[in-house]
Amino acid sequence: MDNDGQLELYAAVAVRLKEAHTRVRALQVPEGVRMALTRKLLVITAAAKHDLAGAARRLDRFTADLDEGRFPEGER
């Protein structure tokens with residue numbers, strides 16, 4: 001991927017991660033579920049440093065799960 005494309009993808013993933021964090025904070029779910037979702041987002045963020053395209057795919061799946069109401073079991 002050329003440098004401009006990489007920067008564009010990085011910017012798009014960064015914006016989407018920020019939006020996902022905002023969505024998670026706004027959810028009406030038990031705190032343990034919110035913590036589990038936040039941990040998933042932190043893992044995706046860390047992955048973006050090494051595999052930006054892979055992180056984008058993981059973020060797609062994470063967002064689809066949020067859209068469908070599929071949440072991880074959290075500590076209760």
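A helix here is a DSSP run of H or I that is at least four residues long, and helices are numbered from the N terminus. Under that reading, Arg-34 lies in helix α2. Please keep in mind that this is a predicted model.

Is Arg-34 buried or exposed? Buried means under 20% relative accessible area. Arg-34 has a relative accessibility of 17%, so Arg-34 counts as buried. Setting aside neighbours within four places in sequence, Arg-34 is in contact with Val-24, Arg-25, Leu-27 and Val-29.

Two packed helices are described by the angle between their axes and the distance between the axes.

| Pair | Axes come within | Crossing angle | Residues of the contact |
|---|---|---|---|
| α1 and α3 | 10 Å | roughly 30° | 12 nonpolar, 2 polar, 4 charged |
| α1 and α2 | 10 Å | roughly 175° | 7 nonpolar, 3 polar, 2 charged |

Let us take α1 (residues 3-26) with α3 (residues 52-68) first. Their axes cross at roughly 30°, and therefore α1 is roughly parallel to α3. The crossing of α1 past α3 is left-handed. On the α1 side, the residues that meet α3 include Leu-9, Tyr-10, Val-13 and Leu-17; on the α3 side, Ala-56, Leu-59 and Phe-62 are among them.

Now for α2 (residues 31-48), whose axis crosses that of α1 at roughly 175°. That angle makes α1 roughly antiparallel to α2. From α1, this contact uses Leu-17, Ala-20, His-21, Val-24 and Arg-25. From α2, the residues include Arg-34, Leu-37, Leu-41 and Ile-44.

Ala-14 is partly exposed, with a relative accessible area of 34%. Ala-14 and Ala-56 are 42 residues apart in sequence, while their C-alpha atoms are 9.5 Å apart in space.

**A closer look at α3**

How does the span of α3 fit its number of residues? At 1.5 Å a residue, its 17 residues should span 24 Å, and the end C-alpha atoms are 24 Å apart, which agrees. The buried residues of α3 are Leu-52, Gly-54, Ala-55, Ala-56, Leu-59, Phe-62 and Leu-66. What covers these buried residues includes α1 and α2. Just after α3 comes Gly-69, with a positive phi of about 75°.

Technical notes
Residues are numbered from 1 along each chain as its sequence is written. This is a predicted model: local features need pLDDT of at least 70, side-chain atom pairs count only at pLDDT 80 or more; totals for chains, interfaces and linings use all residues. Side-chain values use heavy atoms; hydrogens and water are left out. Buried means under 20% relative accessible area, exposed over 50%, partly exposed in between (1.4 Å probe, protein chains only). Axes are lines fitted to C-alpha atoms, for helices over the stretch in contact, and angles run from 0 to 180 degrees between N-to-C directions. Angles under 35 degrees count as roughly parallel, over 145 as roughly antiparallel, 65 to 115 as roughly perpendicular and the rest as oblique. A crossing is left-handed if the near helix is turned anticlockwise from the far one by less than a right angle, and right-handed if clockwise. Contact means heavy atoms within 4.5 Å. Ala, Val, Leu, Ile, Met, Phe, Trp, Tyr, Cys and Pro count as nonpolar, Asp, Glu, Lys and Arg as charged, and the others, Gly among them, as polar. The expected span of a helix is 1.5 Å times one less than its number of residues.
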